[in-house]
Amino acid sequence: MKNNVNITNSIQEFRQDFAIISGWINFRSKVLDLGCGDGALLQFLRSSLEVKGYGVEKDDTNWLACMNNGVNVIQMDLEDGLSGFEDQSFDTVILSQTLQAMHNTEEIVLEMLRVGREVIVTFPNFGYWRNRIQILSGNMPVSKILPYQWFDTPNVHLCTINDFDQFCRNHKISVLERKVITDGNQIDLMPNFLGNLAIYRLKANYLKAN
Amino acid sequence: MTENNSLGNNSVGIVAPQTAHFNTPLTLKSGAVLPQFDLVYETYGTLNADKSNAVLICHALSGTHHVAGKYTENDKYAGWWDNLVGPNKPLDTNKFFVIGLNNLGGCHGSTGPVSVNPDTNQQWGSQFPIVTVEDWVKSQALLADYLGIEQLAAVIGGSLGGMQALQWTIAYPERVRHALVIASAPNLTAQNIAFNEVARQAIITDPDFHGGDYYTHKVLPRRGLRIARMLGHITYLSDDAMGAKFGRKLKGEIKYSFDAEFEMESYLRYQGDKFAGEFDANTYLRMTRALDYYDPALNFDGDLSAALNKVTAKFLVVSFTSDWRFSPTRSREIVKALLDNERTVSYAEVTAAHGHDAFLMPDAHYHNILRAYLNSIEVGTHREK
């Protein structure tokens, strides 16, 4: 499970999304963080907003880190869906920089919308200009936010902001808010070109009948 | 106890069982009444001044009060969960006051079928009532009273022991702060009840069983108990673990006989014989029945979430990937019911090859999980000097 550990490390180095995420979460609300790594985000949300938080994590080392950080953690594989969680049972369900490493990408987003009244998804924007330049120069992009070589990357479903907007339209997902940042600075102009990290606040337009 | 003693580092050392006698009649779930009873127990570590560091260990089918340490330096084996309990072990006796007991109906000193019924001056035998998980927890609470402990820091148990830990949080929500439910389930599956029934039939149909009153006939239903234990052993291991340990290895040349030619057979026979020589068949019957009957959701139309509605304890639930008797799916049911009630819960699914028996093994990651959780439990004032 080396890859998951690496994802955690990249989150630790790259927490500029934490501030934006916490701005979208209510005081003392109930939060589920999927692929929670070492529990740093939940720890942050608990100390800043007193949230009732649960993390989901499949990696053993991360599980222990969560426990040692005092974070409730449920060990399961997100690829199996969220069958252990009731419909609309959380105020917010978060998937922070894990979407691109999911195989069942479509399923997990729909599952999050089922379980959470609101959903926050963050992912590295593959359309960022530096990525484009690396592609144009003939190489797969490698950067601080995409630290992997093509042969050892856990990222199987990288997408651009345009791609994700399209995905939301196709799946009748309401985008309540979208923020795009690069090195901590908010990008409003040409986000799909100038933005490094995309942070979405979503809500289901409809509920899937079970 | 010293940390370095003749039994090796981190052992609780030489221990001795104690007996608590209860004169007040105990009404069991079945309606039967035990006029008086004994509970045999052991303790490790020191109860702190505000009595906030007590941890109760509940045993499974064949467990006892002898959880850790040895009775004499020459004992071949230490207590059944010695790898967990001791100074600086995951359940650290420098921090916690740990209690192990033999459950009612047991055969290691607590009142059970082998005990003498004071009304008849005969061994109870077939007349000993059926005890349930609820009855055990009730008697354990009386033991806590006896020890002057109002609230347990934690109750911990694997398998049938995990059911008792769960039941504690339901029956006495204000008396338990943490529950560690390991390799357990909120009730038995049909398949599990089926295994128990085969085990019981092996015992009951043994000609030496005499309806449970074999003591008066001066015989023991060893053959039945032996087969019951062999069956149990098969189901506590995974196919892979058995394959890795025994495979198709033969003890010698094929002899075209029904002798124990495969090492697997030899192992089962050894385990069966050993168990039949030291365990009571009536106790085995009752332990399996307690497993069958436990179902806290029964009075809530099968809704476990409703059954756990009054629970306030914090939970650690642990399962093992290769455990097919108490599979991870069953543990996840407990986790889901706790999540539905917005209770504090963490869940670990340990990758392990050993099947149900994994909960007794000193696997490093498993022990790290327990250590991390137990470390997080706050206890009040430290030990009395």
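This is a quick talk about a few salt bridges in the structure above.

Okay, so first, keep in mind that this is a predicted model. Over all chains, the count comes to 22 salt bridges.

Let's start in chain A, with A:Arg28 and A:Glu50. Their side chains meet in a salt bridge, 2.8 Å from N to O. Now, where do these two sit? A:Arg28 is in the loop between α2 (16-23) and β1 (30-34), while A:Glu50 is in the loop between α3 (40-49) and β2 (52-57), so the bridge ties together parts that are 22 residues apart in sequence. As for solvent, A:Arg28 is exposed, with a relative accessible area of 57%, and A:Glu50 is partly exposed at 40%.

Next one, still chain A: the side chains of A:Glu111 and A:Arg114 form a salt bridge, with 2.7 Å from N to O. Both residues belong to helix α5 (residues 105-115), three residues apart, which is about one turn of the helix. Buried or exposed? A:Glu111 counts as buried, at 10% relative accessibility, and A:Arg114 is buried too, at 10%.

Over to chain B. Here B:Arg289 and B:Asp292 pair up through their side chains, at 2.8 Å from N to O. They're in helix α7 (residues 281-293), three residues apart, so about one helical turn separates them. B:Arg289 is partly exposed, with a relative accessible area of 27%, whereas B:Asp292 is buried at 11%.

How values were computed
Residues numbered from 1 in each chain as written. Chains lettered and ligands numbered in written order. Predicted model: local features only at pLDDT ≥ 70, side-chain atom pairs only at ≥ 80, totals over all residues. Heavy atoms only, no water. Salt bridge = Lys/Arg side-chain N within 4 Å of Asp/Glu carboxyl O. Helix = DSSP H or I, 4+ residues; strand = E, 2+ residues; numbered from the N terminus. Buried < 20%, exposed > 50% of the residue type's maximum accessible area, 1.4 Å probe, protein only.
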